[in-house]
Amino acid sequence: MGAAPPNPRKKVTLGTLRSLHRRREPITVMTAHDFPSGLVADHAGMDMVLVGDSLAMVALGMEDTSEVLLEEMLLHCRSVARAVKSAFTVGDLPMGTYEIAPEQGLATAIRFIKEGRVQSVKLEGGREMAPTIRKITTAGIPVLGHVGLTPQRQNALGGFRVQGKTRDGAMRILEDALAIQDAGCYAMVLEAVPADVAALITEKLSVPTIGIGAGAGTSGQVLVQTDMTGNFPPGRFLPKFVKQYGNVWGEAMRAIEAYRDEVKSGQYPAQEHTYPAAKEEIEAFKQAIKGL
Ligand SMILES: Nc1nc(=O)c2c([nH]1)NC[C@@H]1CN(c3ccc(C(=O)N[C@@H](CCC(=O)O)C(=O)O)cc3)CN21
Ligand SMILES: CC(C)C(=O)C(=O)O
Ligand SMILES: [Mg+2]
């Protein structure tokens, strides 16, 4: 593959996102975890590409997102950043690299910009993260917030549970959303909350909400690319909010099984897949190795 082919669409900036929001045009966001998945998301016209820490589960085979290391996230961010020419890029700060103090969050965010080569960072949490968000944005690094279901805190939440199902629960999410908006987030992910709650919270905010499992009343949508392209074995559990638009697993299986069968039967490689050499050279080579 090598260098990324040009994407004719013009570069998406924070200004572009603001104007999409003003025009009430949904903001499209897709995760990517490496060069090819970044390339396809960018060429498909995504407004934003997120290097989500969900890559721990879908690309690295880990049980949950809390295991992925900062250095691993940076490696994946760099590969996606090399592919994405148009979409606005975001890197997900992994658990443990920003919660200790605002200074820790800023130091990690700077590594994402300098080494990960993304254009903004995402971090999970509500009002308690406001000072950290303020610190990072003040240093000139745009921050995408994330409230509702925050998978990095799954042990405290009792698993991957829908959030904000009660009056008080919904109120807590709204207060958190307002706090991180005031701290300077350019937008925020709203994950796994009832659609009506997500729509009402979105109406109370001046920055866009990017929903996942939050219905159609948010300012945009995000899905995990491997989920929506069907790049996983049959039988795997999928959250209710995922719509599978493709069957990448099935296509890859078909191709690899056909290769297996053709190698076993001698059909592959055929003449057209081989390199010729001059007859005289082959004859001379045969003579040269005769006595060996
Ligand atoms: N592959 C993948 N896709 C994702 O969307 C995703 C990840 N990984 N990893 C991190 C988080 C975890 N996510 C999840 C995972 C499961 C549910 C889930 O099981 N939801 C239940 C509802 C549970 C309840 O009733 O509270 C469901 O039935 O959809 C939700 C979000 C979303 N994120
Ligand atoms: C699903 C999005 C919001 C995410 O945080 C991730 O992919 O890690
Ligand atoms: Mg994440």
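Predicted model: local features only at pLDDT ≥ 70, side-chain atom pairs only at ≥ 80, totals over all residues.
Tutor: Two residues are in contact if their C-beta atoms, placed from the backbone, lie within 7 Å.

Student: What share of the contacts with a separation of 6 or more comes from residues 24 or more positions apart?

Tutor: Among the contacts in the chain with a separation of 6 or more, 59% join residues 24 or more positions apart. The chain itself has 292 residues, of which 39% count as buried. Its secondary structure consists of 12 helices and 8 strands. Along the principal axes, the C-alpha atoms fill a box of roughly 85 × 40 × 40 Å.

Student: Which residues of α5 and α6 make the contact?

Tutor: On α5 they are P102, G105, L106 and A109, and on α6 they are P131, T132, K135 and I136. By class, this contact of α5 with α6 comprises 5 nonpolar, 2 polar and 1 charged residues.

Student: Is V121 buried or exposed, and why?

Tutor: A residue is buried if 20 or more other C-beta atoms lie within 10 Å of its own. V121 has 29 C-beta neighbours inside 10 Å and therefore counts as buried. V121 belongs to strand β4 (residues 120–122).

Student: Which residues is V121 in contact with, leaving aside its neighbours within four places in sequence?

Tutor: The partners of V121 are V90, G91, L93, A109, F112, I136, I141 and V143. A109, on the α5 side of the helix contact, lies 12 residues from V121 along the chain, and their C-alpha atoms are separated by 6.4 Å. I136, on the α6 side of that helix contact, is likewise in contact with V121.

Student: How many residues surround ligand 1, and which are the closest?

Tutor: Ligand 1 is surrounded by 14 residues, the closest being F160, R161, V224, P239 and K240. The shell divides into 9 nonpolar, 2 polar and 3 charged residues.

Student: Which residues surround ligand 2?

Tutor: The shell of ligand 2 consists of T31, L50, G52, D53, S54, D92, V189, E191, I212, V222 and V224. By class, 5 are nonpolar, 3 polar and 3 charged.

Note on methods
Residues numbered from 1 in each chain as written. Chains lettered and ligands numbered in written order. Near = placed C-beta within 6 Å. Nonpolar A, V, L, I, M, F, W, Y, C, P; charged D, E, K, R; others polar. Helix = DSSP H or I, 4+ residues; strand = E, 2+ residues; numbered from the N terminus. Buried ≥ 20, exposed ≤ 12 C-beta atoms within 10 Å, placed from the backbone.
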